[in-house]
Amino acid sequence: MPPTLEATGLTRLFGRQRAVDGVTFALAAGESMALFGPNGAGKTTLLRLLAGLLRPTAGSAVISGSEARGDAHVRGRVGLISHQTMLYPALTALENVEFAARLHGVESPREASLAALERMGIAARQASLVKTLSRGMQQRVSIARAIVHSPAVLLLDEPYTGLDASGAAVLSSMLHELRRAGASMLVVTHNVSEGLAVATHATVMLGGRFASTELVSGMDPAGFAEKYRALAGVEMAAA
Amino acid sequence: MTSNSLTARDTKPQPVIDWMFWLAVAAVAFTYVRAIWFTPTEATQGPSQKIFYIHVPSVLAGYLAFGVLGIMSIVHLWLKEERADRMAAAAAEVAVLFFAIVLITGSIYAKVIWGAWWVWELRLTLTLLLWFLGVGYLVMRGAIEDPMMRARFCAVLAILQVVLIPFVHLSVYFVRDHMHPMPVVLKPSSPSLPNSMLMTFLISVASFLLMSAALIRARYRLTMLRDAADAAEQGGMA
Amino acid sequence: MRPSLIQATWIVARKDLLIEWRTRTAFISAVVFSMLGLAVFYFAWSPTAVSPADLAPGVVWVVFTLAAILAVQRSFSIELLERAGDGLLVSPVDREAIYLGKAIANIIFVGAIQLVTVPVAALFYGLPFGEVVPVMLGIGALATVGLVAVGTLFASMAVNTRMAELLLPLLSLPFFLPIVMAAGQSTQRLVAGRPMSESISWLKMLVAFDLVFIVACTLAFPYTIEE
């Protein structure tokens with residue numbers, strides 16, 4: 001059984017700048033990595049490489065045994081959540097999610113979209129234009145959009161941004177559910193407790209490289225925060 | 001190291017100005033000496049006819065450069081060879097240069113022979129368009145900072161521009177009935193010139209083609225030197 | 001089941017049209033711009049020196065070309081907002097479907113502009129409605145396909161640059177030259193009451209242009225969106 005999400009010597013240059021420099025890791029089904037690091041460490045670039053949005057300068061990103069930039073089927077297995085919402089403000093929440101569902105060839109796209117919105121606790125606003133929704137609600141819609149096609153791999157870039165306590169709880173429970181169903185995840189976050197709560201592995205990224213990776217089970221959050229401070233020279237956000 | 005890394009291969013710096021350039025300069029100089037002093041003046045048009053020896057060779061030099069631009073753009077997209085992109089950019093600059101010469105000399109010629117600074121004659125119109133295409137390419141190059149994106153977009157643009165040319169040629173040709181009659185010198189059939197003038201003409205064509213190639217090569221090498229200098233400067237960070 | 005090329009094209013086109021329908025500002029702006037352009041050109045010329053009917057063909061197609069550029073520009077700017085375009089790229093649809101979907105939406109959009117403004121042009125320039133308007137719309141349809149095919153591709157490139165609003169017209173206008181000439185010359189003969197058979201070479205060239213560039217731009221598009 002090949003790892004669901006795998007990177008080998010993944011490198012990306014922008015001009016002469018090494019944004020991602022020889023990253024190698026593998027996640028099996030159900031495993032999830034929380035990725036910590038200061039701004040500019042290359043976390044977002046790494047996510048975009050794994051999503052197939054960027055071409056690697058060297059190395060490879062592989063999803064369930066196929067190259068991330070390979071044929072179209074591979075793209076269907078990924079769900080992406082970015083800093084931006086990736087939503088069209090002029091369309092409603094339902095239209096946005098349904099559009100994503102159709103693009104992925106989901107059966108009964110409307111029903112699946114409503115279910116995804118329901119799961120994120122925002123079904124009541126499905127007919128609202130996205131531009132009328134608050135940032136937190138938009139984030140919920142954005143997450144619904146990313147999971148409507150039941151992706152095998154989820155790439156999340158600071159998904160807790162803008163979410164209130166109940167939204168964060170909904171997200172965490174949904175991520176647990178997806179993991180139990182066999183999805184792999186990479187979660188970029190600044191928040192120690194939220195990150196460690198949903199992950200099996202915790203990694204610190206610095207200057208385009210993985211500075212340290214360890215298993216979460218049996219980890220002491222305070223000790224981890226200390227180690228991070230030592231590595232990165234900055235504080236992490238507390239719980 | 002992938003083929004995207006320029007520093008790996010071009011470690012030996014090549015001179016920007018070398019024998020080819022000086023040979024081209026000598027050839028062009030020779031052409032002018034011969035054209036001005038050793039070639040008979042044409043009976044009906046007088047000395048201004050000698051602009052022919054700059055005007056037409058510049059057209060061919062420009063076409064050569066544009067051809068290099070098109071071919072190198074295809075090479076870049078197909079083989080992902082970054083050096084092809086640098087050569088395409090060099091060729092674009094040289095093409096714009098020579099087409100500008102064609103337009104200016106054509107304009108002078110038009111004023112002397114027909115009394116008008118500009119005529120919408122088939123070849124001049126086509127040259128003007130090619131000049132615009134070249135300028136558009138250079139503007140695009142200036143508008144994108146990321147080298148990989150710049151190379152890719154410019155290659156796409158150049159290839160589409162090459163596809164466009166036959167259509168513009170056809171359009172201008174269709175309208176030509178309404179246009180100013182074509183001058184006798186620029187007719188498509190082989191020039192009916194006496195031998196000495198033909199000789200000068202052929203020499204001028206050869207020297208301009210050589211100059212075009214030399215300029216493209218020089219410009220390309222200049223770009224490569226600059227890239228190498230940038231890489232060395234940031235060598236500590238890489 | 002990932003959508004086929006045709007299905008994906010329609011999904012993308014439908015989404016673009018839906019967004020445009022919701023806001024409608026681009027459509028209204030383009031229509032008003034066209035009408036203003038037609039009016040301004042009319043007053044810039046002395047009606048005694050050149051009759052409006054002689055002026056119309058050239059003016060109309062220049063104005064429509066500029067309106068088409070405005071229309072096409074927004075085609076990709078909506079994808080940059082909130083990085084919604086990433087959603088398209090991280091889906092299993094063929095890249096070509098993104099281009100074709102947007103091109104079809106733009107063709108419908110520009111076509112709708114022409115449906116409104118061609119009759120207005122006939123009105124302003126005193127052209128005989130019944131004989132001229134339907135044929136002009138037909139010529140307009142052929143011209144629109146070419147304008148949009150090229151414009152959509154260049155919009156996808158220009159939107160990534162620092163000077164998108166200037167770059168798009170600068171790059172596109174040389175390509176629009178054959179289209180404007182073909183449309184203008186055919187319309188000229190139409191207005192002068194000549195039989196359409198006289199314009200057949202122009203129209204054939206226009207069709208050839210459309211086919212060649214739809215194919216060329218569809219093939220070129222994936223190169224403009226990969227990073």
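How much area do chain C and chain A bury between them, and what share of it lies on carbon and sulfur atoms? Chain C and chain A bury about 2700 Å² between them, with 60% of it on carbon and sulfur atoms, where buried area is the accessible area (1.4 Å probe) that two parts lose on being put together, summed over both.

This is a predicted model, in which local features need pLDDT of at least 70 and side-chain atom pairs count only at pLDDT 80 or more, whereas totals for chains, interfaces and linings use all residues. Residues are numbered from 1 along each chain as its sequence is written, chains are lettered from A and ligands numbered from 1 in the order in which they are written, and side-chain values use heavy atoms, with hydrogens and water left out.

**Confidence**

The predictor's confidence in each residue is given as pLDDT, from 0 to 100. Chain A averages a pLDDT of 88, and 97% of its residues score at least 70. Within chain A, confidence is highest in helix α3 (residues 93-103), at a mean of 96, and lowest in helix α8 (residues 221-232), at 80; helices (H or I, at least four residues) and strands (E, at least two) are DSSP runs, numbered from the N terminus. For chain B the mean pLDDT is 81, and 82% of the residues reach 70 or more. Over residues 1-8 of chain B the pLDDT is below 50, and this stretch has 12 contacts in the model beyond near neighbours in sequence, contact meaning heavy atoms within 4.5 Å. Residues 178-182 of chain B also stay under 50 in pLDDT, and the model has 10 contacts for them beyond four places in sequence.

**The interface of chain C and chain A**

The contact joins 29 residues of chain C to 29 residues of chain A. C:Glu82, C:Val90 and C:Glu227 supply 25% of the area that chain C buries against chain A, more than any other three residues. Two salt bridges are found across this interface, a salt bridge being a side-chain nitrogen of Lys or Arg within 4 Å of a carboxyl oxygen of Asp or Glu. C:Arg22 forms a salt bridge with A:Glu95, their closest N and O atoms lying 2.6 Å apart. Between chain C and chain A there are also nine residue pairs in polar contact, both residues at pLDDT 80 or more; a polar contact is a pair of N or O atoms within 3.5 Å, where within protein one must be able to donate a hydrogen and the other to accept it, and residues adjacent in sequence count only if both atoms are side-chain atoms.

On the side of chain C that touches chain A, α1 (5-23), α3 (52-80) and α4 (84-89) of chain C each supply at least two residues, and α1(C) gives the most, with eight residues. That side divides into 14 nonpolar, three polar and 12 charged residues, where Ala, Val, Leu, Ile, Met, Phe, Trp, Tyr, Cys and Pro count as nonpolar, Asp, Glu, Lys and Arg as charged, and the others, Gly among them, as polar.

**The two domains of chain A**

Chain A is assigned domain 1 (1-77 + 156-239) and domain 2 (86-150), the bounds coming from an automatic or database domain assignment. Their centres, taken over C-alpha atoms, are separated by 24 Å, and the contact takes 16 residues from domain 1 of chain A and nine residues from domain 2 of chain A. The two domains bury about 990 Å² between them, and A:Leu163, A:Val170 and A:Met174 supply 39% of the area that domain 1 buries against domain 2, more than any other three residues.

Two salt bridges and five residue pairs in polar contact, both residues at pLDDT 80 or more, are counted between these domains. Helix α6 (residues 165-180) of chain A gives the most to the side of domain 1 that touches domain 2, with eight residues, and that side divides into six nonpolar, six polar and four charged residues.

**Chain B against chain A**

This contact takes nine residues from chain B and seven residues from chain A, and the two chains bury about 750 Å² between them, 57% of it on carbon and sulfur atoms.

**Salt bridges**

| Pair | Closest N and O atoms |
|---|---|
| C:Arg22 and A:Glu95 | 2.6 Å |
| A:Arg119 and A:Glu177 | 2.7 Å |
| C:Arg2 and C:Asp94 | 2.8 Å |

The pair of C:Arg2, in the segment before α1 of chain C, and C:Asp94, in the loop between α4 and α5 (95-124) of chain C, links distant parts of the chain, 92 residues apart.
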